[in-house]
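Thanks for making the time this morning. I would like to walk you through one model, beginning with the chain overall and then moving to its sheets and salt bridges.

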Amino acid sequence: MMEHVFHIHGCRKFWFIMGPKDNYENGQRMQAVIDYLKEQNVPCEEDMFYCESFEIRSGYRGFLKLYGVHRELPEAVICANDEIAVGVCKAAEACCYTETEGVFWDSCGCRTAGRADLTDYVRKEILKEAAQSDFEEEIKMLEYELLYCKTLHQIYEKILTGIPSLQYEDMYLMMDEKMDDFHEATGDCLEDIARLSGNGSFHVNGYPDRMQKVFIDPADGKIRIETKNRKGLFSAFESNEGGREYLFLPFHFSQYTVGYIVIINSVCLMEKRYLDKMLSTIMTSMENFYRNKRLECINRGLEEISMRDAMTGLYNRLGYQNQACRIFWENKEKNRNLTILFIDMDRLKYMNDTYGHECGDLAIKITAGAILRYRPDDALAVRMGGDEFLVVLPYMERKNVVELVDRIRSEISRQAKLLELPCELSISAGGINTDMESGKALDDYVREADEIMYREKSARKKQREA
């Protein structure tokens, strides 16, 4: 184009209205223009260029800006694309320059050897609109399907397979491993909740050294996720073979970088300018999914905290209602019996009154610690009240229950001596096995275990008095 307007039309005064300054293709085009002007000894000044975007408004604003600087028209206005040229013509008309002939191949008045095939032009425009319509329908469907994805794996699969009209050799995602950090969130304390309520640990600048590569395995068509060192991902760049173009499109959650999509040999995608809509849909869906999952984790963490006794870490009364009762009814449906163990500390009121509540609190913690240490992993421990504890256990024979209580008692005695508790610390316990074929509820068995415990406590009291 520059050679044509320079040699055929003798133009020496130019304006250049280009795309974004940070766009690689635009930068290459501008450098080529500057190099050509220098070769022809034509002055090339910064105020001859205007860079904004590839849209119509860029041409309109660029013309007005350069006209305001120079106050006269150049001999030729070189535009980066047709949209910018349309904006230039509109701005020229607004400035009362009406001799512009449009933006087609013959806009300068030159004729080629052949004639313009308007039928072919219309056909191409219709096909272009049809392709655009198909793409927009696919984007809408992708947006809808992403909305109902339950896992990250489903999100990734929809992204990589959800737009069939795109033409590329290969496509995969490079994601920060922290995208699924909500799976590891426990919410055991308020510090965990505060961490979850933030934006994770994503980078603001750059990417982590190790990232997850998400791709479709050509062998079976299934999604694969591999964690790789980022620096060794693209060994193909070092190859002497050409003919491969890599398009990198970053994913951001606000100012945080979470990954990028890599599309190989995607010339069709760039020509049709589908990138903005595609990226916007994917990033919005991924960010909404991520934040919703983190919110679910926060809510689960808060719920867990609300069911825990702050002093001992055991479940509290709310935990009993939500967890112990749930376990009971689940086992009742499967006709699996349980063992209910009720434990009561001996002489806690005496310790509080005689040695102070600090001593009593330590005794409670020692007792809870012993229960936690020796209960089976699949048992649930509850602090029912001040000095009362409940353990819901898988079914155990009586002798095994007695052995468990003895181990808890021994641990309590050992810890009391180790921590120099000023008085003897002991417990009373009562256990009962359920009969899931009966109509009893968990509360009924808890009352029965409490009664058994009380009889043991009375017997131990009489023994001490004797």
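Predicted model: local features only at pLDDT ≥ 70, side-chain atom pairs only at ≥ 80, totals over all residues.

**The chain overall**

In the protein chain, 68% of the contacts with a separation of 6 or more are between residues 24 or more positions apart, a contact being heavy atoms within 4.5 Å. Residues are numbered from 1 along each chain as its sequence is written, and side-chain values use heavy atoms, with hydrogens and water left out.

The protein chain holds 14 helices and 12 strands; these are DSSP runs, helices being H or I with at least four residues and strands E with at least two, numbered from the N terminus. Of its 466 residues, 40% count as buried, where buried means under 20% relative accessible area, exposed over 50%, and partly exposed in between, with a 1.4 Å probe and protein chains only.

**The four-stranded sheet**

Let me turn to an open sheet of four strands, which has the order β10-β11-β9-β12 and antiparallel pairing; two strands pair if DSSP finds at least two bridges between them. Why is one side of β10 and of β12 left without a neighbour in the sheet? Because β10 (380-383) and β12 (427-433) stand at the edges, each has a single partner strand. From one strand to the next the twist averages 15 degrees, with axes taken as lines fitted to C-alpha atoms, for helices over the stretch in contact, and angles running from 0 to 180 degrees between N-to-C directions.

Strand β9 (residues 338-345) is joined to β12 by seven bridges, the two running antiparallel, and Phe342 has Gly430 in β12 as its bridge partner. Helix α10 (residues 317-333) packs on this sheet, touching β9, β10 and β11 (388-394), and its direction makes about 145 degrees with that of β10. Helix α13 (residues 398-418) also packs on the sheet, touching β9, β11 and β12, with a direction at about 160 degrees to that of β12.

**Strand β5 and its partners**

Strand β5 (residues 210-216) is mostly covered, since five of its seven residues are buried. It pairs in the antiparallel sense with β4 (residues 170-175) over three bridges, and Met175 has Gln212 in β5 as its bridge partner. Seven bridges join β5 to β6 (residues 223-229), again antiparallel, and here Ile216 stands opposite Ile223 in β6. The hairpin of β5 and β6 has six residues between the strands, and within it Gly221 takes a positive phi near 75 degrees.

**Salt bridges**

A search of the whole structure finds 23 salt bridges, each being a side-chain nitrogen of Lys or Arg within 4 Å of a carboxyl oxygen of Asp or Glu. One of them links Glu287 with Arg291, the closest N and O atoms being 2.9 Å apart; because these residues are four apart in helix α9, they are separated by about one helical turn. Glu287 is buried, at 17% relative accessible area, whereas Arg291 is partly exposed, at 30%.

Asp353 and Lys349 form another, with the closest N and O atoms 2.8 Å apart, and both residues lie in helix α11 (residues 348-355), four apart. Asp353 counts as exposed at 55% relative accessibility, and Lys349 is exposed at 61%. Finally, salt bridges that share partners join Asp217, Asp220 and Arg224 into one network.
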